[in-house]
Amino acid sequence: MLKNTAFTLSVLVVVALAMIFPSLFQQVGDYKLTGLIVPLLMIIMFGMGTSVGIKDFLRVAKMPKSIAVGIICQFTIMPFIGMSLAIISGLPPEIAAGIILVGCAPGGLASNVMAYISGANLALSLSLTAISTLIAPFATPLLMSALAGEYIPIDAVAMFWSITKIVILPVVAGLVFNHFLHGKYPIVDRAMPIVSMVGIVVIIAVITAAGRDNLITLGFTLIGLVMLQNILGLTLGYGVARLIRMDEPSARAIAFEVGMQNSGLASGIAVEMGRVASMGIAPAIFGPVMNINGSILASYWRKSANKFNKNKNK
């Protein structure tokens, strides 16, 4: 919990710095810092592969119904929430498309942290993150073409290759490392979570600095929209799971998997499309927003679970 709080505070601090001193996060000499985003994402995805492991994919066979419900929710609820908010927002097309992009980029590791803190079904959360990450190269371009095509031109094939490069290849490399070398280089196991957190903080700072002018103009509107997007995702994910009578820990896991997206991946796609200062703003805002909301919900659920267990043991 302390690490998660420190991470969220770090994000808020760098966002404030990037807004006040944008030049610090835009360029060093002749090098534009936006060039760091994709390599950092690849490192983060490699870290995901080293931490998730092949065993998490094998769990799918043990919980097919829960996995199916979670995947369907992930690739329907958030994309259509994003599209609906983009339609009613009245925002410029490229910025509105960024809201849809957030909804179409599932598989963030933050959901696993929140599932652990809240006492949710962690095995289900890990499995859903792993499977949705592998599906994303195919599903995200198709969803973006269908839902965001009227806002910006979408090259589905180019997006597929971008996601494959950013996500699939590093994750596979991480899985291979985990399978053959796990425990042999303990410094890697200890360092990757820290490297991942630092990488996400740097990415958010660079994107915030790049889109500072748009943020000043549209900041409050965008913050409100992505906060609503996150809250609706958490609520509907949980609600659907409970509606079909899934147990409480599994419903909590699905809530976090649906509501907490891979904002880093969405940012990387925006960079690859050359629209980091417009399309990349919503993902940059969504990251800290989902961590704050997710931390509050996870803490509440953990406290409620502790009270239930105390009463049960009396």
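In the predicted model, helix α8 meets helix α9 through T133, L134, A136, P137, F138, T140, P141, M144 and S145 on the α8 side and A156, M159, F160, I163, T164, V167, I168 and V171 on the α9 side, where contact means heavy atoms within 4.5 Å. Helices here are DSSP runs (H or I, at least four residues), numbered from the N terminus. The two helices pack at an angle of about 160 degrees, with their axes 9 Å apart. Axes are lines fitted to C-alpha atoms over the stretch in contact, and angles run from 0 to 180 degrees between N-to-C directions. α8 and α9 are therefore roughly antiparallel to each other, a label given to angles over 145 degrees, while those under 35 count as roughly parallel, 65 to 115 as roughly perpendicular and the rest as oblique. The crossing of α8 past α9 is right-handed, that is, the near helix is turned clockwise from the far one by less than a right angle, anticlockwise being left-handed.

This is a predicted model, in which local features need pLDDT of at least 70 and side-chain atom pairs count only at pLDDT 80 or more, whereas totals for chains, interfaces and linings use all residues. Residues are numbered from 1 along each chain as its sequence is written, and side-chain values use heavy atoms, with hydrogens and water left out.

Helix α8 (residues 122-148) also packs against α12, at an angle of about 30 degrees and with the axes 9 Å apart. This contact involves L124, S125, L128 and T129 of α8 and S250, A253, I254 and E257 of α12. α8 passes α12 in a right-handed crossing. In a further pair, helix α6 (residues 93-103) and helix α11 (residues 212-243) pack at about 30 degrees, with their axes 11 Å apart. That angle makes α6 roughly parallel to α11. From α6, the residues in contact are I95, I99, V102 and G103, and from α11 they are N214, L218, L222, L225 and Q229. The crossing of α6 past α11 is right-handed.

C104 is located in the loop between α6 and α7. Its relative accessibility is 0%, and C104 therefore counts as buried; buried means under 20% relative accessible area, exposed over 50%, and partly exposed in between (1.4 Å probe, protein chains only). Neighbours within four places in sequence aside, C104 is in contact with P79, T140, L143, M144, L147 and Q261. Of these, T140 and M144 also belong to the α8 residues that meet α9. The C-alpha atoms of C104 and N262 are separated by 9.0 Å, although the two residues are 158 apart along the chain. The buried residues of α7 are A110, S111, N112, M114, A115, I117 and S118. G119 follows α7 and has a positive phi, near 80 degrees.

T208 lies in helix α10 (residues 186-210) and is buried, with a relative accessible area of 3%. The side chain of T208 reaches the backbone oxygen of I204 at 2.7 Å. Residues up to four places away in sequence not counted, T208 touches V15, A18, M19, L215 and A284.

Side chains of opposite charge can pair when their charged atoms come close. The structure holds five salt bridges, each a side-chain nitrogen of Lys or Arg within 4 Å of a carboxyl oxygen of Asp or Glu. One of them joins the side chains of K165 and E272 (3.0 Å, N to O). K165 lies in helix α9 (residues 156-181) and E272 in helix α13 (residues 263-272), so this pair ties together parts that are 107 residues apart in sequence. Both partners are partly exposed, K165 with a relative accessible area of 34% and E272 with 33%.

Another salt bridge is formed by the side chains of E248 and R252 (2.9 Å, N to O). The two residues are four apart in helix α12 (residues 248-259) and are therefore separated by about one helical turn. E248 is partly exposed, at 22% relative accessibility, whereas R252 is buried, at 8%.

How values were computed
A polar contact is a pair of N or O atoms within 3.5 Å; within protein, one must be able to donate a hydrogen and the other to accept it, and residues adjacent in sequence count only if both atoms are side-chain atoms.
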